[in-house]
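Visitor: I am new to this one. Please show me the structure, and then let me ask about it.

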Amino acid sequence: MAGEGAGASLAPSTGTGDSVAERVARAAAARPAPGPRRWLMERAAWAAGTLRIAWSDHLAKVGIVMLVLFLLAAGIGPEIRTTPPFESVTLEDGRIAKNLPPSRAYPAGTNRLGQDLLVQLLHGARMAIFVGLLAAGGGAIIGTLVGLTAGYYGRLVDQTLMRVTDVALAIPFLPFALVFLALFGPGLRNIVIILALLFWRSPARVVRSQVLTLKERPYIQAARAGGAGNVRIMFVHLLPNLLPLIFLYVALGIGGAVSAEASVSFLGFGDPLTATWGQILNSAFTAGAMRTAWWWVVFPGLALTLFVTSIYLVSRGYEEAVNPRLRRM
Amino acid sequence: MPLLDVRDLSIRYATRAGDRHAATDVSFTLDPGHYLGVVGESGCGKSTIVKALLGILPSNGRVHSGQVLFDGTDLARADESRLRQIRWRRISLVTQSAMNALDPVVSIGEQIVEAIRTHERGAVGAARARAEETFEMVGLDRSRLFDFPHQLSGGMRQRAMIAMALALDPDIVIGDEPTTGLDVIMQDQILHRLKRLQAEQHRAMMLVTHNIAAVTENCDRVLVMYAGDVMEYGATADVFLDSFNPYTLGLRNAFPSIRKTEVERSLISIPGAPPGLIEPGPGCRFAARCPFAEERCHAETPALVQVADAHVSRCHFPERVAEFRERSTLRATWEPEGTRQRQSWSTLAGNDAAVAEEHAPSLVVERLQTYFPVRQSLVGSVITRRRSHVHAVDGVSFELKRGRVIGLAGESGCGKTTTGMTIARLYEPTGGTIRLGDLDVGRLRSSGGRTRAFRRRVQVIFQDPYGSLNPRFTVEQTVEEVLKVHGIGNADERRARVLHALELVDLLPALDYVERYPHQLSGGQRQRVAIARAIALEPDFLIADEPVSMLDVSVQAGILNLLRTLVDELNIGLLYVTHDLSTMRHICDEVAIMYVGKVVEHGPTEEVLTRPQHPYAKALVAAVPVPDPRYRRDRVALQGEVPSAVDPPPGCRFASRCPQVMDVCRRETPALRVPPGGAQAVACYLFHDASEDGARDRRAVPAGSHA
């Protein structure tokens, strides 16, 4: 297994009496093999470390608690309160329970069609997380690929991609969303697509600038000197060093995506058969109940505000945790 | 009465992990007209002391106990307004990077005038006259007084910084690594300048540095610090010639010297790394690394003991000094058990190594050129069609054989690193050839099978061990990565090979290191991992770019010895690129000295470093400080600055600064030739006639460009 260089053999020979090679072989065998389990454990340790740093910040603590509550509400809420979100509930006397203010039976009240608003809010939480993750995640993937390619290859590739990004940055959100939805049909899926299409711009720029500094680092030079090709350098060496930054953008993007989705839905371009917070607000508006049924407006509005705030607070704590100056202390 | 009297000064930094004891019971005095050197490895508390003297400790640092008595005031407890009166006016500071200390948008003259007027309400005219005076003191032309910092070179900025420090005629000037990061010649000039100012003006000065040679040459007294403790303190000659402390003995062993007498002993590193200093326990701080440590050393903190007249040492066993001095010069005393195990590897590797090595191809570099285009404005590119180029490497030739070490030396910007990186094909050569056997390295494309085969045979070690390892890779992943890239072996074979490579670089036991991340390793260990990565592919050649320049003295020696061992045992050819001529003495077979893109002298190490011929090589060698208090070296004063490498004019590059310049030097470019009876090749017309250079060597001189 010696190289063709016929040089000094670096590879341990397997001859008998070769105590050193044996020692290495034994050592190699004794060591636990790296596997997915070790990888998972390392990730978990890292996550715990990050969480510990974030936890030391009081505002982040508030954010984490709020976010956990939202996750619980979205995860198990609809399993506990199993009424379908668009079913009219009836009172004991058989009448439809419409326009009820908050009460013990309906903590968030009911709307004009007698639908249980708490159920809709819980489903809304689910949709919010779903929309946020898909839109921000999708956007971040596009942005990362664009930024990584532009930053790594530089020159013409960089120029072209960054001009495209500049043009994309100039697109205003609402008019673009309205035109797009008018052309391709309203609905949640198209809203998510729009959000991803508009969200990639800022991660692309930030990832690019980070790549510009990272690619000059000696270890990237060292990888190249070792013989690694472009794709390997981009995805094995650069990408892992970008991940904290990308996660930060995904986190911030979730908040943005949820409120953007709400505004588009509120304007009536959402899916009327999916309970999202924006959709609830929209139905309150079309029913003319904005001024009369306060609970119909306040609860979805509050849910939106708190969700976006909690995402922001957590991102802020996370940013502190990934800031290299504050790490490993 | 001493000017400055530091008594039992202890400084602590509050950190999340607990208090870091950055300095413990430090005492020293500074008399008027004395020059005190403070030496030690990084993190030993040198800079902390300086900051405490000026009352500029960072916000988490505080003086825990002790006094800093200056002119009847305890500076450790003085309030801010009192400190402001003393800072700069009575005690001034010259720091490492003048670029950061000078305001880029205010001219230097204005900055000095402003500093003067802040402290002395006087007329602008008087302040300006004083500024001009200080400018001349430091050897700067007074016409440059109102230049902005970016208009001055690094060395000039550093001198401007000294001028500023002298502007208020302070009682004490402190230099905190004032020349670190500067080139050898500039460093020498600045240290010389400081020394002259100190001697002529009878000023008290402090030189804080890791460079032992700079202290031995300049200072009267020296304070050796380790891990926040004073280890030894006394007159310079006493401390370095009649050392009492094992740590000082270790530092002396590890510090490279360009002089032969000093070189006859080989470099010996101090094993281990300095302790962490967070809530340290009792015991001598150096005990963990000390070869003479006994139980008592770990249990009981030694006191500073008077060992001779005005000479103290922190050690339990001053009476055993004769034995220490004798044993400390032996390698076996210092090197830990693990290191010697490696010998079995060398015999093992030697078995099939010696076969057919005579015919192994060498790396042949001929007339190599690397030019970089200069960025031009749009208007500029329209007006002149020709683009300007930086001629970073301009016609460098040499042959690197396996089992040999060629050192490439020169000041920063001379093209030595570019040469190395071009040969490693990290840069594109502009002209000339690089050959490895029948492989034309210069023509390889940036990727592809042939390039990969080449990379397998020529590997690179980078300067910065903190940056050259991917922070998200474990040691094993780092070393295995190169094997994966080249598709070598299966997982088990690769693992064995990784462990083997780690053992070769003395990371023992290798299993303890594989799982670690770079931030869990010391600088020296990181550089060893980088070397392990480079040799894992069994390369024929290594290119090492300043591999020890960022490491502490105590660690440098170990890395240099390791590289030399690998060269000898694995029969690798090494191109060692450095600005530090002292280290070359210990590792190189041949030395080539570069100046602005060209090799001016090339020959056996011994010849080039002891009998340099080329005027530039002479100046460079003469500028290297020697860590021997008995030795007085002759300085060669060089005028002017290094010329720009952008489209250089014809003729010898050194002509503008050469003390022996002739007419022909400005017209023709001298070729590198071995003069009759000489041992080394020299590119200088003092040694051969221009007519001897073949037409091939002469560069076309455009008409009308003669000066």
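Visitor: What share of the contacts in chain B with a separation of 6 or more comes from residues 24 or more positions apart?
Guide: This is a predicted model, where local features need pLDDT of at least 70, side-chain atom pairs count only at pLDDT 80 or more, totals for chains, interfaces and linings use all residues, and side-chain values use heavy atoms, with hydrogens and water left out. Residues are numbered from 1 along each chain as its sequence is written, chains are lettered from A, and ligands are numbered from 1 in the order in which they are written. Contact means heavy atoms within 4.5 Å. Among contacts in chain B with a separation of 6 or more, the share from residues 24 or more positions apart is 68%.

Visitor: How much of chain B counts as buried?
Guide: Buried means under 20% relative accessible area, exposed over 50%, and partly exposed in between, using a 1.4 Å probe and protein chains only. Chain B has 707 residues, and the buried part is 58%.

Visitor: How many helices and strands does chain B have?
Guide: Helices (H or I, at least four residues) and strands (E, at least two) are DSSP runs, numbered from the N terminus. For chain B the tally is 26 helices and 23 strands.

Visitor: At what angle do the axes of α4(A) and α5(A) cross?
Guide: Axes are lines fitted to C-alpha atoms, for helices over the stretch in contact, and angles run from 0 to 180 degrees between N-to-C directions. Helix α4 of chain A covers residues 117-153, and helix α5 of chain A covers residues 155-170. Their axes come within 7 Å, and the crossing angle is roughly 145°.

Visitor: Which residues of α5(A) make that contact?
Guide: From α4(A) come Val146(A), Thr149(A), Ala150(A), Gly151(A) and Tyr153(A). The α5(A) side supplies Arg155(A), Val157(A), Asp158(A), Leu161(A), Met162(A) and Thr165(A).

Visitor: Where is Ala168(A), and what does Ala168(A) contact beyond its neighbours within four places in sequence?
Guide: Ala168(A) belongs to helix α5 of chain A. Its relative accessible area is 9%, so Ala168(A) is buried. The C-alpha atoms of Ala168(A) and Arg201(A) are 6.7 Å apart, although 33 residues separate them along the chain. Leaving aside neighbours within four places, the contacts of Ala168(A) are Trp200(A) and Arg201(A).

Visitor: How many aromatic pairs are there over all chains?
Guide: Rings of Phe, Tyr and Trp (its six-membered ring) pair if their centres lie within 6.5 Å; planes under 30 degrees apart count as stacked, over 60 as edge-to-face and the rest as tilted. Over all chains, the count is 18.

Visitor: Why is the pair of Phe176(A) and Phe180(A) tilted?
Guide: The two residues are four apart in helix α6 (residues 173-184) of chain A, so about one helical turn separates them. Phe176(A) is partly exposed at 25% relative accessibility, whereas Phe180(A) is buried at 14%. The ring centres are 5.9 Å apart, and the pair is tilted because the planes stand at 40°.

Visitor: Which residue lies over the face of Phe317(B)?
Guide: A charge sits over a ring if NZ of Lys or CZ of Arg is within 6 Å of the ring centre and within 35 degrees of the ring normal. At 5.0 Å from the ring centre of Phe317(B) lies Arg320(B).

Visitor: How far apart in space are Tyr318(A) and Ala251(A)?
Guide: Tyr318(A) is part of helix α12 (residues 294-322) of chain A. Tyr318(A) is buried, because its relative accessible area is 14%. Along the sequence, 67 residues separate Tyr318(A) and Ala251(A), but C-alpha to C-alpha the distance is 9.1 Å.
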